[in-house]
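Hi everyone, thanks for making time this morning.

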Amino acid sequence: MKNKTILFLSPFNHLSMMAEGWAARLNEPSWNVISAACSHADYDALPVKAMKEVNIDIESKTPHSLMPQLVNKADIVVAIYDFQRDSLPALLNQSKQKVLRWDILNPVYFDQLTDRWAAYQEVCDELAVKIQELKKQLI
């Protein structure tokens, strides 16, 4: 199988970094995985903590902002966003790459810390399933 560059993309980088962590855990030699944020590439301790619960360390990952070069370099773009609340850049609509869209709740919209924490835990589990499905699609 030809090597594939997979770009995980989310509005604030939290979801994409979590997906990148799950994909990296598969240790699929034909995958080069990267993540980026559509709007705000920043650090948040809650997704890091949620991933640590499943023994995946994303703390050292540097949040990246979306650049056209990342999209152009990718064979597949996985856009992870809350279909009800988030929007993705028009850049993806013009992309020649295959774009997969995953409707996943974005925990940043929860005001209460306990609710946000619970949402990150749920998203962590949901992303694990989605990454396994992606592996089946690509192999």
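**Inside the fold**

So, this is a predicted model, and I'll begin with its largest nonpolar core, which has 31 residues. Inside that core, the residues with the most contacts are Phe8, Met18, Val78, Ile80, Trp102, Leu127 and Leu134. Who supplies it? At least two residues each come from β1 (4-10), α1 (14-26), β2 (31-37), α2 (45-52), β3 (76-81), β4 (98-103) and α4 (113-138).

Let's zoom in on tryptophan 102. Which residues is tryptophan 102 in contact with, leaving aside neighbours within four places in sequence? The list is Phe8, Val78, Ala79, Ile80, Tyr81, Phe83, Leu127, Lys130, Ile131 and Leu134. There is also another core, apart from the largest one, with nine residues, including Leu7, Leu66, Ala74 and Val77.

Now let's step back to the whole chain. It has four helices and four strands, and along the sequence they follow the pattern β-α-β-α-α-β-β-α. The radius of gyration is 14 Å, close to the 14 Å that the globule rule gives for 139 residues, so the chain is as compact as a globular protein of that length. Of those 139 residues, 47% count as buried. Among contacts with a separation of 6 or more, 70% are between residues 24 or more positions apart.

For charges, we have 15 positive and 17 negative side chains, and the centres of the two sets lie 9 Å apart.

Note on methods:
Residues are numbered from 1 along each chain as its sequence is written. This is a predicted model: local features need pLDDT of at least 70, side-chain atom pairs count only at pLDDT 80 or more; totals for chains, interfaces and linings use all residues. Side-chain values use heavy atoms; hydrogens and water are left out. A nonpolar core is a set of buried Ala, Val, Leu, Ile, Met, Phe, Trp, Tyr and Cys residues joined through side-chain atoms within 4.5 Å. Buried means under 20% relative accessible area, exposed over 50%, partly exposed in between (1.4 Å probe, protein chains only). Contact means heavy atoms within 4.5 Å. The radius of gyration is taken over C-alpha atoms; the globule rule is 2.2 Å times the number of residues to the power 0.38. Lys and Arg count as positive and Asp and Glu as negative; His and the chain ends are not counted. The place of a charge is taken as NZ of Lys, CZ of Arg, CG of Asp or CD of Glu.
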